[in-house]
Amino acid sequence: MHHCENKRSRASITRQWIWVTAAILAVASQVPAAAQPGFEDYYFDSPLRHYQGDVRTLYFNDPKGFRATYLPKTRIPLNTEDYFGIWNYLNHKDSWPRSGDPLIPYDNHSRKKTYVTDQGNPHDAVDWLVSFRNWGQNEVINPFPRGAVVEVTSVNDVNPDIPDNWSAGNSLDLVCYLDGDATNQSSFNKYQVSFWHLKQHSVLVQPGDFVQFGQVLAQVGNSGLTGLEVTHIHTRYIHYGTRLDPFKGRWNKNIQESLLFDQAWVEHKTNYHTTENRKHLTLNDAFSVEMPNRSWNTYVFKAFSEIEAIRVGDGQGGIEPGYDVLANPNLRDLNRKTSNFIDNDGKRHTLYEVSFRWYQDAHPSVIDKDIEFLIETPDGERSNRVFVVVRD
Ligand SMILES: [Zn+2]
């Protein structure tokens, strides 16, 4: 099911509330609309330029060490105000890969899945999510730091913004030359980042262009294999034929150091993990949770800032947009608490939690529809997108 802008009806508004069994989890960002701290000051000095020996030998002696030393760190490839989280659709349903599969890389502490390795149906990419509300204004930017020599090597810009089941859709490949020399076409010298599912006619660069720090490249679209419930760009990180998971984690066999400029910062803007009600819910999995009607449902919302309100999205399914769930007088066991969350770098964050129970008896007009939840914090309305579908 797709939540395209044109599918989001504002039809019959009713105060009938539907809610759901199982816990829902969402995380709001701590710093809305801010650039990634520190990235502006990070300069990539192309250390490979200074290496005098044989690069092939250097690489094969220690591929992970090579990547840790010679690849530049990248930032989220989106303007931060557009960014909503990461998602990997192969984790979306529990059917494949199975929860607990030891081959699935999780990160160290929260055990969320960011990426899936080849198990006959490789994803091998990170899906960076954007808001639907800014359709056509979600900018893909050059994720490489200052100093990085980055060339556009491939562009496709002609596919309509209609999902299909087989293609990358509109796409864009960037190559960063690790030694800063674009004439050195050695495979060891090229670190490629590819973007899929771009918006038709939005690509602003062409093959052969060298792109600047922070340069806007295209818009996020809905072309190609995006049979998903969120708007995203599928992003592959490739060096010497190896698709890399940029997230450092215990099960990540490709790298020994995060390829992201500040993974902890990315994670704290991203998601969180729970196993409430036996459901293996990451925030990702919760994008479209199915819940039975007419039952007591438990909700747990978490954020890295205090939760001031939990608002319903823009009217999908006949729910009144903007209504604050926490203002509903029929909630039971409304409880607030805080806890600590330790990220991969050992940094401690305060996690704010609101939980409540609610008996749901959904109006027929909203059965089988997606309902969107948004956490509102003192920083403004920010959250990853959580959808609930009530089944009668
Ligand atoms: Zn993807």
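Y240 sits in the loop between β9 (232-239) and β10 (242-244), and its phi is positive, about 45°, although Y240 is not a glycine. Helices (H or I, at least four residues) and strands (E, at least two) are DSSP runs here, numbered from the N terminus. Keep in mind that this is a predicted model: local features need pLDDT of at least 70, side-chain atom pairs count only at pLDDT 80 or more, and totals for chains, interfaces and linings use all residues. Residue numbers start from 1 along each chain as its sequence is written.

**Positive phi**
- Y240 has 18 C-beta neighbours inside 10 Å, so it counts as partly exposed (buried means 20 or more other C-beta atoms within 10 Å, exposed 12 or fewer, partly exposed in between, with C-beta atoms placed from the backbone).
- D333, in strand β16 (residues 332-342), is another non-glycine with a positive phi, near 55°.
- D333 counts as exposed because it has 10 C-beta neighbours inside 10 Å.

**Helix α2**
- F66, R67 and Y70 are the buried residues of α2 (residues 63-70).
- They cover an arc of only 95° around the axis, so they lie on the same side of α2 (the arc is that of the directions from the helix axis to the C-beta atoms).
- These buried residues pack against α1 (55-61) and β9 (contact means C-beta atoms, placed from the backbone, within 7 Å).

**Nonpolar cores**
- The largest nonpolar core has 48 residues, and W128 and L172 are among those with the most contacts inside it (a core is a set of buried Ala, Val, Leu, Ile, Met, Phe, Trp, Tyr and Cys residues joined through C-beta atoms within 7 Å).
- A second, separate core of 19 residues includes V312 and F373.

Key:
Contact = placed C-beta atoms within 7 Å.
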